[in-house]
Amino acid sequence: MQEHVIQLRALLQDYWPHIALVLSIVVGASAAIHAAMTKNDVRAAISWVGVIIMSPLLGPFLYLIAGINRVRKQNLLDHGTDAFREQVSYTYPPVSDVGPLAGAQFRSLQILGDRISRSQLRSGNNVQVLDGGDQTYPAMLQAIHEARSTIALQSYIFDSDRLGEQFVQALAQAHARGVQIRVLVDAIGAKYSRIPIVRLLRRQGIRCALFMTNPLGFMRMPYANLRSHRKLLIIDGAIGFTGGMNLRESFMARYSDGQPTRDTHFRLEGPAVVQLAASFAHDWQFTTREVLPHSLWCADNWNPPKPHVPARCICSGPDRFMASTHHMLLGAFAVAQRHIRIQSPYFLPDQILLGALNTAARRGIQVDIVIPGQNNLKLVNYAMTAQLDQVLRAGCRVWRASGPFNHSKLITIDGAWSYVGSSNMDPRSLRLNFELDVEIYSRDTARQIQNIIDKEIEDAQAVSLESLAAIAFGKRLRNRLIWLASPYL
């Protein structure tokens, strides 16, 4: 036996370069073929093949870690959540035609939503716009205190700060009352706190889980490229909160020296809440394999206050809902006839969306894009700046908002259609993250949202081609180099 070991070592010493060469060729070729055959985006395919060819051993390992979309290959076990969607139809039939409510041009957009979303557009929804954490968090805490049967809470970031402690205490009190509680936090988002919030929740006996903690089965690490960016709170299956706001004390004036991070959130009642519950039930089942029965987690009757508006949830993510929001935005920009308003903290649309916005501007549509004057992510801000000239040349108007950083994600079309939720207009939200948005056909809601955007514009600084050209060459070069990496920011 020892003699065979000695011979094997001698063989490896003599031929290890040849073995390494053959191994790198086999592994590299396999990875390159897989990337070429499975990637739908030619830029992604070229990038990965290039990385693999340039580094035949390290490249395939990186591709194994970050390049393969395992989520789309898995059985996501939808049968348990279909019951939530079916429950809605018993009370509120689908809206047949949004033309009389929003305008004839939105009929085609409704058809688009019907075909790319599993949720049908239904009326009977009451939507309240909540301005910032000072309005949102007290409303959420009050709803938790009044919960009678179930609480479902999902967030990308749930900090264990002073605000987080208030939520944990409120959830613990609800748990003591016998309320069933499920909390889902993204595994990457959970790392924003030194003390993970799940540790505090588990001490109180509250059921919680981390999304995407162990993607490879043998490596205990989050899958950094696939994150759940969804934010929602559902109380008794009847009241829902959703939007772009994480659970962080920096959104409240009392904890931020009167200069809180700004955002916009939404309180919903009606059938859209059941669609929110279906999304949560799907993610919870995918993470824990526990099926949440709709008889407990979905209200059996609704009586939302008026006014009632048509709305539906749009789920997107690197699974069967790939590019849902991307498709909806393309459709919305195409049907616009007067005005497109966009507010986004991270405005990095791909060339397809840029083309749609530029085409709208060239058609004579007024396109207003509001981005933060102060951004919490410097690299994203540099990349955004490098791309702004592409929309300015087509006639779009770009505004740098003043004041504290604004995290709102808001879109309105012609004062009748609104798209709100967790999605940023950047590659990560549009292709990698699991996102949750709501489309709303309501002139009143659109008016409230466009007033928020127009108020930002009143005090904002207009970005012009001249102001971009005035930036020092070194900074412009830095911005362009960082822009090259924008799909990965």
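Modeller: Start where the helix stops. Helix H10 is followed by Arg 289, and the phi of Arg 289 is positive, near 70 degrees. This is a predicted model: local features need pLDDT of at least 70, side-chain atom pairs count only at pLDDT 80 or more, and totals for chains, interfaces and linings use all residues. Numbering runs from 1 along each chain as its sequence is written, and side-chain values use heavy atoms, leaving out hydrogens and water.

Now the helix itself. H10 covers residues 271-288, which makes 18 residues. Helices here are DSSP runs of H or I with at least four residues, strands are runs of E with at least two, and both are numbered from the N terminus. From first C-alpha to last, H10 reaches 26 Å, close to the expected 26 Å. That expected span is 1.5 Å times one less than the number of residues.

H10 is largely enclosed by the rest of the structure, because 16 of its 18 residues are buried. Buried means under 20% relative accessible area, exposed means over 50%, and partly exposed lies in between (1.4 Å probe, protein chains only).

Asp 283 forms a salt bridge with Arg 230, and their closest N and O atoms are 2.7 Å apart. A salt bridge is a side-chain nitrogen of Lys or Arg within 4 Å of a carboxyl oxygen of Asp or Glu. Arg 230 sits in the loop between strand E4 (207-211) and strand E5 (232-235), so the pair ties together parts that are 53 residues apart in sequence. Asp 283 is buried at 2% relative accessibility. Arg 230 is buried at 2% as well.

Glu 269 pairs with Arg 267, with closest N and O atoms 2.7 Å apart, and both residues are buried. Arg 393 meets Asp 389 at 2.5 Å, N to O. Here Arg 393 is exposed, at 59%, while Asp 389 is buried, at 18%. Asp 114, Arg 312 and Glu 439 are linked in a network.

Thr 261 is buried, at 19%. Leaving aside residues up to four places away in sequence, Thr 261 touches Ser 250, Phe 251, Phe 405 and His 407. Touching, or contact, means heavy atoms within 4.5 Å.

Next, the nonpolar interior. A nonpolar core is a set of buried Ala, Val, Leu, Ile, Met, Phe, Trp, Tyr and Cys residues joined through side-chain atoms within 4.5 Å. The largest has 50 residues, and Phe 106 and Trp 417 are among those that touch the most other members. Helix H14 gives the most to this core, with 7 residues. A second, separate core of 40 residues includes Leu 276 and Phe 434.

Step back to the whole protein. Its secondary structure comes to 18 helices and 15 strands. Of its 489 residues, 57% count as buried. Among contacts with a separation of 6 or more, 81% join residues 24 or more positions apart.
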